[in-house]
Amino acid sequence: MIMTSRSKLKLICSAFVCCLSAVLYAQNDTYFDRLQAVVNSTAIFYNVDGIEITSQSFSSKFNEKELKKVLRAYKIKRKDVKTIDPELPINHYVYDKSELIADNLTLHTIYYILDFKTKVKVISFSYAKDRNLKFERQFIADVMDNAIPSDVFVSSSVDSLDFAGRTLVLGGNCRWMNVRNVQCPYYGQMNWSLHKTIEDAKQNCDTHLLITKHKKGGKVISETSVPVVFEGKETTAKSVTYDFTGVKSLLVGMSGGKTLTIYYIAEEIRGRNISCVLSFWNNDQINDSGLPALLEEVMTLKN
């Protein structure tokens, strides 16, 4: 069939529209707008969709002898099963150290040992929902391509932070415990994650609550739903009191407290789907509001 100039133009336009649609879809479907990262002297820590990711490099070669030191750093033993993902275009091993916490609750901890020629890079994923192999592959590909945007990295100091699109000024008394996990001694602690859907945010809160209930070394002595105002929005939080009475642990010793009050909230805030866990010890500086200063920054209790 002989193609006219007009037909060729229509075909070119159609191809352009298809390509543009694919690009726009990829941009709209990206996780970068939900990703945050913190760099310290030895590793990079990421948080997205309730998934905690660590990336660390070692000046080792990808051979059995030199990998021993790398595996020891992650308590990976020779007897642990290693596999290979045929979809990854790089020499690597995968170790699945997932653990069944309770019925229908598995804490996935996946280690990718990657051959970056001049070094070995270990990327680990930790999360307590259905394993997302597609995301793991995409994230590794983005690291390999240096595609992680620079604006997802935040300062290691916590004078101020971006809380779902609002800047919180905290001063110099607080510290990162992990990405999007900030603690202010005697003023409370909160950790949060941004999610693609509100359903995923709610599931993340439910999962964290379930983990708390199955945590060893103490017990849940109360659980209730309470009305709160979270970032100006009326909603309901799950409130749990966790009792450490009689427990000897580093956590209890450092805090000096005996009970920990924890709030679990999932909401859409400023167009962002957020899951948030807020907590404080019984010996923290609790204000007339019933909350310590850090929690007051984002939440109030309704009478």
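Let me start at Arg-180, which lies in the loop between strand 12 (175-178) and strand 13 (181-184). Helices (H or I, at least four residues) and strands (E, at least two) are DSSP runs here, numbered from the N terminus. Phi of Arg-180 is near 55 degrees, a positive value in a residue other than glycine. Most residues other than glycine have a negative phi. Arg-180 counts as buried, at 4% relative accessibility. Buried means under 20% relative accessible area, exposed over 50%, and partly exposed in between, with a 1.4 Å probe and protein chains only.

A word on the source. This is a predicted model, in which local features need pLDDT of at least 70 and side-chain atom pairs count only at pLDDT 80 or more, while totals for chains, interfaces and linings use all residues. Residues are numbered from 1 along each chain as its sequence is written, and side-chain values use heavy atoms, with hydrogens and water left out.

Asn-146 has a phi near 55 degrees and sits in the loop between helix 3 (133-144) and strand 9 (153-154). Is Asn-146 buried or exposed? At 71% relative accessibility, Asn-146 counts as exposed.

Two strands pair if DSSP finds at least two bridges between them. Tyr-242 has Leu-260 in strand 17 as its bridge partner.

Asn-204 is buried, with a relative accessible area of 13%. Leaving aside residues up to four places away in sequence, Asn-204 touches Gly-50, His-195 and Ser-275. With Ser-275, the side chain of Asn-204 makes a polar contact of 2.9 Å. A polar contact is a pair of N or O atoms within 3.5 Å; within protein, one must be able to donate a hydrogen and the other to accept it, and residues adjacent in sequence count only if both atoms are side-chain atoms.

On to helix 2 (residues 64-73), where Leu-67, Val-70 and Leu-71 are buried. They are on the same side of helix 2 because they cover an arc of only 100 degrees around the axis. The arc is that of the directions from the helix axis to the C-beta atoms. Strand 3 (51-58) and strand 5 (92-96) are among the elements covering these buried residues. Exposed Lys-65 and Arg-72 are on the face turned away from the buried side. Just after helix 2, Lys-75 takes a positive phi of about 55 degrees.

Last, a hairpin. Strand 10 and strand 11 form it with two residues between them, and Ala-164 in the turn has a positive phi of about 50 degrees.

Terms used. Contact means heavy atoms within 4.5 Å.
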